[in-house]
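Please examine the interfaces between the chains of the following structure. Questions and answers follow.

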Amino acid sequence: MSAPLPQFRLAAPRTVTEAVAAYRDHPGSRFIAGGTDLLVNMRRGIGNPTYLVDLSGIDELAEIRITDDGVTIGAGVTIAALAQNDVIVARYRALAQAAAAIAGPGHRTMGTVGGNLCLDTRCIYYNQSEWWRSANAYCLKNRGDSCHVAPQGQRCHAAFCGDVAPALLALGAEIDISGTRGTRRIFLSQLYVEDGKAHLALADGELVTAVHLPPDPPASAYAKIRTRAAIDFPLAGVAVALETSGADIVSLRLALTGTNSRPFLLAGTEAFAGRCIDDKLLNEVDRLVQKQVQPMRTTITSANYRRVAAAALARRLITTLGTAGAA
Amino acid sequence: MTADSGASIRQLRRPVPLIDGVEKVTGRARYTADLDHADALVGRILRSPASHGDIVVLDVSKARALDGVVAVITGDDCAYTYGVLPIAMNEYPLARGRVRYRGEPVAAVAAIDAETAERALGLIELKIAELPAYYTSEDARAPDAILLHDNKPGNVERDVHHQFGEVELGFAAADLVREESFCCAEINHAQIEPHASLAEFDPLTGRLTVQTVSQVGYYLHLMLARCLGMETAQIRVIKPFIGGGFGARVEALNFEIVTALLARAAAGKVFMELSREETFITHRARPHTDIRLKLGMSRTGRMTACELQVVQRGGAYAGYGVITILYAGSLLHGIYDIPAVKYEGYRVYTNLPPCGAMRGHGSVDTRHAFECLVDRMARELGLDPFAVRRANLLHAPTRTANDLMINSYGLAECLDRVERASRWKERIGRMAPGKGLGMACSHYVSGAAKPIHFTGEPHAVVNLKLDFDGGITALTGAADIGQGSSTMVAIAVAETLDISLDRLRVIAADTAITPKDNGAYSSRITFMVGNAAIDAARRLKALLIATAARKLEARPEDVECINEVFRVGNQSTLPFAEVVAAALVDEGAITVKGAFTCPPEAQGGKHRGGAVGSTMGFSYAAQVVEVSVDEVTAQVTVDKVWVALDCGRAINPLAVEGQMQGSVWMGMGQALCEETRYLDGLPAHASMLEYRMPTTMDSPPIETHIVESHDPYGPLGAKEASEGALAGFPPALVNAIANAIGIDLNELPATPDRIMDALIERRRQARLARTLKAAS
Amino acid sequence: MHAPGPEAKKRLLRLRVNGRWREDAVSETALLVDYLREVAHLTGTKTGCDGGECGACTVLVDGEAVPSCITLAVRCEGRSVETIEALATQGRLGRLQRAFHEKLGAQCGFCTPGMIMAAEALLRHNPQPTDDEIRAALSGNLCRCTGYVKIIESVKAATETVHDR
């Protein structure tokens with residue numbers, strides 16, 4: 001028998017309103033969607049919620065709606081459904097590629113868009129058993145006083161490893177958030193904070209309910225580096241959305257995951273508008289990526305490799321999209 | 001010794017599904033954790049949080065007082081050491097006085113359920129006065145390092161110094177001498193079934209029954225008797241279905257002894273299931289190995305001399321260490337004709353989980369270094385990699401420089417087969433950018449000819465029972481751990497008797513029922529147990545032939561049994577059932593025994609450690625690996641593998657193919673992506689996420705070619721098939737990467753970060769060279 | 001080593017397991033794999049890791065292959081769960097079971113139930129998958145014995161047999 005989970009109660013609301021209320025009424029609550037990340041951590045004794053609010057029975061979260069205003073993806077849509085959606089595959093390529101590259105088929109069946117966006121950050125010192133973490137005096141992210149990755153620093157460096165977020169960032173997504181104080185809409189980029197211990201800008205009791213993508217997206221692509229071609233989280237993941245006019249760049253947006261405590265849009269790409277894709281530009285992108293990513297010793301694989309590989313992926317994706325666009 | 005029986009080949013060459021396959025595909029197969037344990041207590045182990053230190057406080061009184069806790073034990077409850085080698089038992093099931101690695105068992109609890117057991121562990125007070133800890137061989141061997149074990153100066157468990165032939169003369173005669181350092185990461189068996197054990201102690205009879213994941217029930221049986229201070233006759237060890245072993249379960253393991261100790265303390269039944277993390281920590285796998293290798297070669301590719309130094313980071317206890325460090329030197333021999341060899345080996349104690357035996361035991365990292373260096377020297381000499389291997393082949397029968405016996409040798413044919421199948425000649429040197437081909441050879445023993453516990457008994461015994469139903473039950477102590485050994489026994493008996501496989505049942509690995517066997521390790525079962533099974537079948541056949549002769553009024557030498565019919569020439573015939581009925585008259589059920597013993601001349605040289613590596617027969621393998629290397633991301637894709645294995649004769653070709661593919665693939669894991677890493681002694685790899693064994697997406701087609709050299713002493717001519725091909729993969733991969741992108745890697749695994757570092761270094765060197773050129 | 005929390009409630013769980021409806025009192029914190037093994041005594045489903053990493057526990061929930069070791073049992077309320085035990089019917093091995101047996105897709109057999117259930121989900125959606133599709137569908141299921149070669153051959157062989165399932 002598996003090691004026992006900590007004791008908790010489970011609520012199964014049918015609407016977002018009920019979910020928010022259930023959370024509010026029970027201190028120590030957590031939302032649970034697919035559970036592919038939360039339950040694994042709970043089995044390790046990380047975070048002992050006493051009340052789980054199960055979002056999987058909320059129909060309004062499970063829809064993909066396509067209108068003239070763009071695409072709205074419910075936070076409860078599964079990764080598998082996202083990866084197989086015809087419109088997403090045809091027009092929002094980076095998103096479909098990111099979804100298809102997550103974990104293994106079983107995880108994609110269970111995991112959700114909202115869950116992947118709100119995935120906990122990861123670190124070799126954090127995703128360990130209770131015995132392991134306790135033998136190591138815990139860590140800044142969980143019960144401890146210092147970060148083993150950067151003991152001198154003041155913050156947790158655990159890395160965000162979701163795949164869907166960079167694709168959505170590059171495609172300019174907005175998200176809907178619901179909480180006790182109502183709903184709000186923000187750019188996805190505003191959801192994330194560069195702090196491994198508190199990387200989501202959500203108030204207590206808030207949950208992401210939907211993602212909005214603008215219509216007529218530019219060409220896009222996603223690729224990730226990992227040791228194995230399945231199961232593994234990204235050591236570095238890059239999404240690119242590229243709009244060209246002839247040989248000239250109209251807009252280039254590039255987002256990264258796996259290297260920092262948050263997924264982020266590469267800063268400084270506006271300057272590439274009007275330029276053509278050549279070695280000079282690719283070298284500039286390479287430098288920007290290497291400068292802005294901050295991989296730390298949060299994985300067995302070296303930080304320097306993740307930095308170099310992220311830049312290499314960025315170059316490759318821009319080249320590929322540029323060639324496809326010109327053809 | 002027995003020669004090839006010349007048995008008919010009715011069943012041979014026909015792929016036979018495993019005789020226990022239906023249970024496995026239906027979910028009916030009961031593995032240890034599937035056994036009924038509803039009425040058992042739950043066992044849990046408290047593990048050391050410290051790498052090295054003296055236990056100053058270990059107070060279990062609060063845990064003992066907790067409601068629902070039935071037993072709590074500590075090192076005080078077992079004052080006996082255990083270990084797989086009689087000469088090196090230096091480990092307690094629960095630490096006494098000192099802990100030497102993080103995760104070492106310190107105390108254990110049996111409680112009514114898992115929650116209570118967990119809570120009880122939390123109530124145990126443990127204080128450790130920490131000592132300096134050493135996580136590398138180098139640190140442990142430093143002059144000022146304190147000793148992990150007082151009787152082992154320099155923290156060296158065993159140093160080996162062997163020399164055969166005139167090494168200096170050999171190097172002097174060489175046209176090219178090269179020396180390189182290699183480093184192979186520690187890896188783990190990572191069998192999919194986590195460790196588990198179910199122990200029942202009956203206080204009324206004083207008997208202990210243990211059902212557990214062991215590959216060698218006999219070893220565990222001995223260690224249980226020793227650690228519990230019990231008579232061996234009071235103990236029974238049963239092997240249920242086992243979810244893989246690969247060497248992990250050859251030694252008696254601490255949790256197995258702890259479960260039995262708990263069962264006795266609780267006077268009842270205790271079930272212990274380790275987590276995946278604990279299963280990793282139990283370890284006993286391939287050590288981190290540093291190698292320096294020097295090789296001399298003539299310009300035609302003849303090897304003239306070899307000097308090898310191996311340092312193994314062994315972990316905190318002896319385990320199999322002495323054998324591993326001896327294998328690393330002795331299995332340099334037995335595959336090529338090397339006139340002079342010098343070997344220096346050091347097995348080092350460190351504050352990490354103990355290493356042990358893993359598929360290809362001791363031979364893999366040495367073979368990796370050797371096959372890489374041979375390839376590089378061939379390149380330097382402008383020789384083809386196949387040609388260099390062919391220039392150094394052995395000729396059976398022969399004895400090696402270190403006195404190993406070789407009676408069959410199919411390596412030349414293995415080379416031919418993979419060279420042709422991969423279209424090497426047409427393709428090598430003409431591959432597209434980023435694509436490469438590499439090759440390497442390897443070999444392995446078909447069982448250690450000298451057993452660890454020398455008792456004078458045969459190496460294997462098989463009993464056959466023939467009864468009224470016309471069915472034959474084969475009893476063997478050999479543990480089928482998925483490799484198909486029980487199926488092999490059934491085929492060997494059916495072949496010898498020329499009867500249908502359906503008449504056979506095999507009962508394996510229950511120390512109360514089956515004759516003792518040395519177990520599933522060193523690929524010994526096919527050769528030794530196969531021969532014992534054939535011996536038993538022949539004895540049974542002689543009885544049946546004698547009966548048939550009486551009934552047919554013929555001389556026994558004129559009677560034969562073909563396809564379940566006894567006959568004299570073409571005239572008189574008797575069906576099998578009738579002969580069985582006649583044989584049972586006055587006798588009742590017939591039990592016969594067969595045995596196999598390795599003769600002294602097979603048991604190795606007279607030098608110290610000379611028995612290690614000795615075997616009745618070596619398997620031989622050659623393989624070609626095709627890769628694509630992405631120079632942008634430094635990721636390697638294995639596109640295809642061609643492997644040929646000389647297994648003497650394929651008793652079950654289906655199982656041989658499966659073993660070849662599995663061993664090559666396991667070599668691929670070690671070569672590409674698997675490694676165990678520790679952060680100050682804490683395992684960073686102790687999950688199936690961080691221990692990166694390849695997935696379906698990473699795994700190439702593996703084309704197998706079976707080569708049959710018909711070993712004169714092998715059962716039906718067979719040798720082993722499960723390990724020989726493993727060691728060739730890592731060097732073939734590294735040679736293929738060199739062929740693809742011109743980078744020679746000296747570190748395993750060939751992960752993208754290591755390749756990226758090499759690519760960056762090459763660019764840096766090129767820049768430096770340009771700068772220097774411009775400046776001059 | 002978990003601190004005791006508020007007493008978890010047992011709940012009456014009603015679900016269909018291998019075609020038959022059952023009702024059991026199940027803790028809200030119970031994992032599906034433990035429910036299947038300990039309560040329903042269906043030990044064909046295996047546990048190989050500490051959570052969601054190896055695929056050995058793969059079962060079908062409403063026809064989809066999922067890891068039962070990170071699925072809460074009570075979330076299967078009203079749903080249909082299928083395990084390896086369901087595939088052999090009326091004294092006949094299922095097509096995948098037969099193929100895995102005959103083609104040696106199972107060596108030690110421990111990953112086999114999960115592997116077969118993942119393959120079963122694939123073949124229900126896609127009766128004639130390519131090798132690449134088979135690899136992708138099984139990419140969350142680890143095997144340590146076979147190198148996957150004979151597993152892929154087994155799935156392929158199962159698609160070629162004419163069977164009712």
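Q: Which residue of chain C meets A:Asp54 in a salt bridge?
A: A salt bridge is a side-chain nitrogen of Lys or Arg within 4 Å of a carboxyl oxygen of Asp or Glu. This is a predicted model, in which local features need pLDDT of at least 70 and side-chain atom pairs count only at pLDDT 80 or more, while totals for chains, interfaces and linings use all residues. Side-chain values use heavy atoms, without hydrogens and water. At 3.1 Å, N to O, the partner of A:Asp54 is C:Arg75.

Q: What area do chain A and chain C bury between them?
A: Buried area is the accessible area (1.4 Å probe) that two parts lose on being put together, summed over both. Carbon and sulfur atoms account for 60% of it here. The area for chain A and chain C is about 2,900 Å².

Q: How many residues of chain B are in contact with chain C?
A: Contact means heavy atoms within 4.5 Å. Chain C contributes 44 residues. From chain B the number is 55.

Q: Which residue of chain C meets B:Glu657 in a salt bridge?
A: The rule finds 4 salt bridges across the interface of chain C and chain B. In one of them, with 2.6 Å from N to O, the side chain of B:Glu657 meets that of C:Lys150.

Conventions:
Residues numbered from 1 in each chain as written. Chains lettered and ligands numbered in written order.
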